[in-house]
Structures are given as C-alpha cells and as structure tokens.
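This report is written for a reader who has not seen this structure before. Please look through the sequence and the model before reading on.

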Amino acid sequence: MALTFHGSGDPVLAQRLLREVNAAGARITVMAVGSWLDEEPRMARSFLDGGHELGNHTQNHRDIDAMPAAASYAEIAQCAERLRKLTGTPGAWFRPSQAPHASPRVRAQAAALGYRGCLSYDVDSLDFTDPGASAITRKVLREVRGGSVVSMHLGHAATVEALPSLLDGLRARGLRPVTVSELVAA
C-alpha cells in the first residue's frame, strides 16, 4: 500500500512527518505543489534523500478541471520544471489538484509532459479537515487494503500525530507503506 501526501504546508511539520516515517522504515510519495517548492526548495531533497518519492501536484493547487486547457497544461508544466530544477527529474507521477481523478484532457496533458500515469487514491484520510489523530487513524485503518493508495496531507499536526499508531496498525495487518512506483512494480 502507498501513503501519499499533498506536498505543501508548514515545513516544520513536514520534517516531523519525515522523521516519523523514516524511523518506522516506511516509504511515502509526496505529490509536491510547485509554489510550495518555490518557498521550501530544500524539502524536495529531504524527501528524496530519505528514500521517498516526489510527484507533481500542479504549480498552484487550483481546480485544474475548471481551467482552460492552456492554463491546466501550464500548471502541470511549471511544477514539472520546479521538480526538475531541484531534483533532476519531474517525478514519475502526476496528481490533479482539486479532483479525485484526472479528466481525459488532464491525462493527455500529463502524458505529453512525460508522466507515466496520473495518480488517484482509494482511501481519503480526510486529514485536511483536522478531525484529530485518532479519527485519521481509524478512518484509514478501516478502509485500507493491500494495494491501496491513501491520500494524506503535509502541514497538519494531527496527521503527524496519527502516524505512529497508523503505521503500527498497518504493520499489524501485514501492510507496509511503499512508494507508488514500488507499489505498481510489485
């Protein structure tokens, strides 16, 4: 299973989250927002150096399906360029902003920019609503299965607080968090 994180928010919380997953031996995929990378460029290397994966979650995290085609293409391309500048690669995956699934137009745009796939998820932790650590843990553990892709967010204290019990619960079920690329290769 894969834990994926929308990449934006307080870098202090992101570093705490990174320490938690590293201590547990878990691997994650961070779908980085380009404007966040502009503000926090060192975060890209922090995740990659920990053995995690980065992907593209648009430049400004606006409603990509509501944009004209040229604007949605620019959102994908600008974040890809930020990732390439910081890491040498645009990342393997693209996740549309403010949409659970990529529309055919957005899939074609991402493919034209070299993305091998558009990432969705089957478990939404709803951590961005700040329901508390125990609610996040319960929701994810209730819905997760082998092969699941879980959507979570950097920048929320309860998400970081939920990680130890969430990771313990996954381990107890025989599930191990890996990057999306590792998940699809398995």
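## Basis of the model

This is a predicted model, in which local features need pLDDT of at least 70 and side-chain atom pairs count only at pLDDT 80 or more, while totals for chains, interfaces and linings use all residues. Residues are numbered from 1 along each chain as its sequence is written, and side-chain values use heavy atoms, with hydrogens and water left out.

Helices (H or I, at least four residues) and strands (E, at least two) are DSSP runs, numbered from the N terminus.

## Helix α4

Helix α4 takes in residues 69-87, which is 19 residues. At 1.5 Å a residue it should span 27 Å, and its end C-alpha atoms are 27 Å apart, which agrees. The expected span is 1.5 Å times one less than the number of residues.

Buried here means under 20% relative accessible area, exposed over 50%, and partly exposed in between (1.4 Å probe, protein chains only). The buried residues of α4 are Ser72, Glu75, Ile76, Cys79, Ala80, Leu83 and Thr87. They cover an arc of only 120° around the axis, so they lie on the same side of α4; the arc is that of the directions from the helix axis to the C-beta atoms. Ala70 and Lys85, on the other side of α4, are exposed.

Contact means heavy atoms within 4.5 Å. The elements that cover the buried residues of α4 include the strands β2 (28-32), β3 (53-56) and β4 (93-94), along with the helices α2 (34-39), α3 (42-49) and α5 (104-112). After α4 comes glycine 88, with a positive phi near 90°.

## An aromatic pair

Rings of Phe, Tyr and Trp (its six-membered ring) pair if their centres lie within 6.5 Å; planes under 30 degrees apart count as stacked, over 60 as edge-to-face and the rest as tilted. The count by this rule is 1 aromatic pair. Its members are phenylalanine 94 and tyrosine 115, tilted at 50° between the planes and 6.2 Å centre to centre.

Phenylalanine 94 belongs to strand β4 and tyrosine 115 to the loop between α5 and β5 (117-118), so the pair ties together parts that are 21 residues apart in sequence. Both phenylalanine 94 and tyrosine 115 are buried.

## Positive phi in two loops

Glutamine 98 is not a glycine, yet has a positive phi of about 55°. This residue lies in the loop between β4 and α5. Glutamine 98 is partly exposed, at a relative accessible area of 48%.

Aspartate 130, also other than glycine, has a positive phi near 55°. Its place is the loop between β6 (123-124) and α6 (133-143). With 47% relative accessibility, aspartate 130 counts as partly exposed.
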